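Opening my notebook on this one. I'll jot down what I looked up, in the order I got to it.

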Amino acid sequence: MAIELLYFAWVREAIGRDGETIDLPDGVETVDALIDWLAGRGNGYVEAFADRSRLRVAVDQEFAGLDAPLAGVREVAIFPPVTGG
Amino acid sequence: MTPEIRVQRETFDPAAEGAKLEGGDAGAVATFTGLVRGEGGLAALELEHYPVMTEDALRRIAADAAERWALAGLTIIHRVGRMEPGERIVFVGAASRHRGDAIDAMHFVIDWLKTDAPFWKREEFIDGRSGWVEAREGDEAQKQRWT
């Protein structure tokens, strides 16, 4: 299943791109597991995902927890805590 | 009441936005304008956002406010892109029959904006340093006042 990934702020800078399309590997069923799998690519991913307490996610454009399931999901965004206003 | 929600690069006129909220049933208009603070040798702020999500997130905050208070009008404007110290960055205006609802709704929206809308601030300093603004725990506490 293809899934769209988006990165913002320092997550984007560490990874070096603002997004990508991936084929979700078998067994990757939650955002947490997806982050584990991405971190396995090394380099910027390791740096971006080093401290998971500093990560927030949105699943199909809704804020979600890292334990959010990925079944049927089209878009996952990974970013730092928001700082607008 | 249909809230007016705008995410834009250009600045805005707080007086004109506030005046637009007058009329109809309104007996009170409360407005808030956030500015870029120039402290610590700041040269500019760069506001990044998640375009397809931002407007929905703001609409949700506006809908929550409209459910809690009797509003005659509500405007949220948030700028994105590059801004220098002193520039306007965010506007919230709420109109209601009575001042309490207008003031509380305006305050609620600005508190929730801080924690529930996908914006990120990057600071550039005069001496060349730059970095992403860290979220403040106090912002979450401010928001919890309303729950």
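Predicted model: local features only at pLDDT ≥ 70, side-chain atom pairs only at ≥ 80, totals over all residues.

**Sheet in chain B**

I started with a facing pair: Leu42(B) stands opposite Phe125(B) in S7(B). Residues are numbered from 1 along each chain as its sequence is written, with chains lettered from A and ligands numbered from 1 in the order in which they are written.

Strand S3 (residues 42-49) of chain B runs antiparallel to S7(B), over 7 bridges; strands are DSSP E runs of at least two residues, helices H or I runs of at least four, both numbered from the N terminus. Pairing takes at least two DSSP bridges. I then traced the open antiparallel sheet of 4 strands, S5-S3-S7-S8 (chain B). Strands S5 (81-83) and S8 (130-132) of chain B are at the edges with a single partner strand each, so one side of each has no neighbour in the sheet.

**Core**

Next I checked the largest nonpolar core and got 51 residues, with Phe8(A) and Val109(B) among those with the most contacts inside it. Core members are buried Ala, Val, Leu, Ile, Met, Phe, Trp, Tyr and Cys joined through C-beta atoms within 7 Å; buried means 20 or more other C-beta atoms within 10 Å, with C-beta atoms placed from the backbone.

**Interface**

I found 20 residues of chain B in contact with 13 of chain A, contact being C-beta atoms within 7 Å. H3(B) gives the most to chain B's side, 4 residues.

Note on methods
Buried ≥ 20, exposed ≤ 12 C-beta atoms within 10 Å, placed from the backbone. Contact = placed C-beta atoms within 7 Å.
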